[in-house]
Amino acid sequence: MDGNEILKDVKKSFLVFRNGIISDTLRKAGMPYKVIFGLQVPQLASISRMLHNEQLNGMDNAELTTVADMLWKDREVRESRLLAPYIYESASVAIDKAKELAADIRTREEADMLAFRLFKRLPYREELLSELEAAGNTLAATALRAHLS
């Protein structure tokens, strides 16, 4: 199954779990996305488990990175951005890639998800933290520091 098919299936899952009340609340709070399904972390984790068990099972790290990148680059859909860190394999994310992801963070929620699901698992997490702080990326650095404590 290719990445576009997986992305379509993921969006169908988002629709299944859609929560209009949360979606409306986030939209009124000024979230910068065009599409907000209103999913919560347990629902994203459930979708991630389903993906890993069914569609991503057997993919190598490069293929997983491609799928995660597709989700991360879907900048206008909140849940795509929050699901991407579940898909990245820490063993295949180089420090330059981690800094690229950190530089593209749009919200505190994205920063927290990246820090919790990916950055804290990286073998160079302390070096990444130092580089994020030196670059003035306070969103990513604060989230990573919180999850390393």
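Visitor: Which residues in H7 meet which residues in H9?

Guide: In this predicted model, Arg108, Ala111, Asp112, Ala115 and Phe116 are the residues of H7 that meet Leu139, Ala140, Thr142, Ala143, Leu144 and His147 of H9. Sorted by class, this contact of H7 with H9 holds seven nonpolar, two polar and two charged residues.

Visitor: How is the packing of two helices described?

Guide: In general, a packed pair of helices is described by the angle between the two axes together with the distance between those axes. Here, the axes of H7 (residues 108-117) and H9 (residues 138-148) cross at roughly 45° and come within 8 Å, and H7 and H9 are therefore oblique to each other. The crossing in which H7 passes H9 is right-handed.

Visitor: At what angle do H6 and H8 pack, and how far apart are their axes?

Guide: The angle between H6 and H8 is about 45°, and their axes lie 11 Å apart, which makes H6 oblique to H8. Their crossing is right-handed, and the contact joins Ile95, Ala98, Lys99 and Ala102 of H6 with Glu127, Leu128, Glu131 and Leu132 of H8. Those residues divide into five nonpolar, no polar and three charged.

Visitor: What residue with a positive phi follows H8?

Guide: That residue is Gly136, with a positive phi near 80°.

Technical notes: Residues numbered from 1 in each chain as written. Predicted model: local features only at pLDDT ≥ 70, side-chain atom pairs only at ≥ 80, totals over all residues. Heavy atoms only, no water. Axes fitted to C-alpha atoms, helices over the stretch in contact; angles between N-to-C directions. Helix = DSSP H or I, 4+ residues; strand = E, 2+ residues; numbered from the N terminus. Parallel < 35°, antiparallel > 145°, perpendicular 65-115°, else oblique. Left-handed = near helix turned anticlockwise from the far one by under 90°. Contact = heavy atoms within 4.5 Å. Nonpolar A, V, L, I, M, F, W, Y, C, P; charged D, E, K, R; others polar.
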